[in-house]
Amino acid sequence: MIKYFSLLLIITGLLISCRSKENSNTTLLTKKEGLKITPKDSVRFSFTFLGCNRVDRHQQHDAAVTNGSTANLEPLKRIWKEIAALERKPDLFFFLGDMVLAESTTENLESQLKAWNKLYNNKDFSGISDSGVEMVAVPGNHEMLYWHDYNVPNHDEWPLEGATQIWMNQMSDYMPDDRDHVIGMDSINNQMTFSFVRENIGFVLMNTDTYNSSTKENPYGLEGQIPTPWIVNKVTEYQENPAIDHVFVLGHKPYYVSGKPETGHAGIPEGPVLWPKLKENRVVAMLSAHVHDYQRMQPGGDGTYQIIAGNSGSPGSATFFGYSKIDMMTDGRIKLTAIGFDKGDPYYKPMPNSPSTIRDQTDLTWSKNKNPYVDYLLESSTAK
């Protein structure tokens, strides 16, 4: 009997041991399976960008549409709320100009930017301000210029003296403390062009309407000015830095519009000098607004992209309002997504029954993009 119980205990022990090993193997297998299903394309770094939300002059005093900020309140609130609610919030949020109407006097500009700041810091209106997302802004032509017909062909917008200081007084909170910027004699006028690095990404921000004084040849100054040498040097420096793998250039005005280079009001006069240097230094994309539309182009069929995201609330040719997002993936891909909802008629009409959906999505490959976006060719574009 004793031998029988001893044998029974040995068999029971072996069974327990086997089950323990089986459970252990199951646990290990589960861990391995968990490793296998971990997404290889998870987001490592993310940023959003948009511009052109200001209302038209006809609505600037319409309390149902805007307030003292002259922002198109309904789409702005919705866009901020939706970005703040993203499961994977962006690390950066870029506002690329024309956030207010202005384009008149320094008094109007200052008043409107103050009101815009109140909107941004109003927790009931802005989901971004306390979301932990870093907000960075550059001015557009409506912040930097004034409108006047001096009977000069093809020109009716001119540098607004004093606008630079007003922007710095009201909007410096949206410029990174660790930024690099122009120094020397030109630093005062060029201080809204700057650069900074986040992780392995270099960002170069341009004020595409840098103030310039009147001259004998140009008695009212010139619009569309940028500190080209500084921008090119910074892009080259970032490209040569082994710690920086990707470079983006951002500013209000684009160089390419609807597939064609623009050096007038719709674009950048220095584009013919700037663009080849961007491509030479393998800049991923120039990100812009100004044109009231969403456009994606790859001029020349490969290399640097021109992306326009001027569809956040201003009237124009855009069929949808929203924002654009770039995700830097862990597998090395650079993923662009444009998200939006149908534009109302009139443009400031709330659209609660139009859900926000993906309107464009692609990987920003250096070789020819196999998924072109050609909607911009179907309609004429508006830049104001």
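This is a predicted model: local features need pLDDT of at least 70, side-chain atom pairs count only at pLDDT 80 or more; totals for chains, interfaces and linings use all residues.
Before I start, a definition: two strands count as paired if DSSP finds at least two bridges between them, and the strands themselves (E, at least two residues), like the helices (H or I, at least four), are DSSP runs numbered from the N terminus. With that in place, strand β14 holds the bridge partner of A285, and that partner is Y305.

Residues are numbered from 1 along each chain as its sequence is written, and side-chain values use heavy atoms, with hydrogens and water left out.

Let me begin with the chain as a whole. Its secondary structure comes to eight helices and 17 strands, and of its 384 residues 50% are buried, where buried means under 20% relative accessible area, exposed means over 50%, and partly exposed lies in between, with a 1.4 Å probe and protein chains only. If we take contacts (heavy atoms within 4.5 Å) between residues at least 6 apart in sequence, 67% of them join residues at least 24 apart.

Now to the sheet that contains our opening pair. It is an open sheet of seven strands with mixed pairing, in the order β6-β7-β8-β9-β12-β14-β13. Strands β6 (180-181) and β13 (294-297) stand at its edges, each with a single partner strand, so one side of each is left without a neighbour in the sheet. Further in, β7 (residues 194-198) and β8 (residues 201-206) pair in the antiparallel sense over five bridges, and S195 stands opposite V204 in β8.

Two helices lie on this sheet. Helix α7 packs on it, touching β6, β7, β8 and β9, and the direction of α7 makes about 175° with that of β8; axes here are lines fitted to C-alpha atoms, for helices over the stretch in contact, and angles run from 0 to 180 degrees between N-to-C directions. Helix α8 also packs on the sheet, touching β8, β9, β12 and β14, and the direction of α8 makes about 130° with that of β12.

How do these two helices sit relative to each other? The axes of α7 (residues 228-240) and α8 (residues 271-280) come within 10 Å and cross at roughly 5°, and they are therefore roughly parallel, a label that covers angles under 35 degrees, with over 145 counted as roughly antiparallel, 65 to 115 as roughly perpendicular and the rest as oblique. Where they meet, T228, I231, V232 and V235 of α7 face V273, L274, K277 and L278 of α8.

Back to strand β12 (residues 285-288), from which A285 and L287 point one way and M286 and S288 the other, all of them buried. On one pairing, β12 runs parallel to β9 (residues 246-251), joined by three bridges, with V249 opposite M286; on another, β12 pairs with β14 (residues 305-309) in the parallel sense over four bridges.

Finally, two places elsewhere in the chain. The axes of α2 (residues 73-84) and α3 (residues 106-121) come within 11 Å and cross at roughly 40°, and these helices are therefore oblique to each other; L73, L76 and W80 in α2 meet W116, L119 and Y120 in α3. Helix α5 (residues 163-171) is mostly covered, with seven of its nine residues buried, I166 and W167 among them, and the buried residues of α5 pack against α3, β3 (134-138), α4 (141-144) and α6 (187-190).
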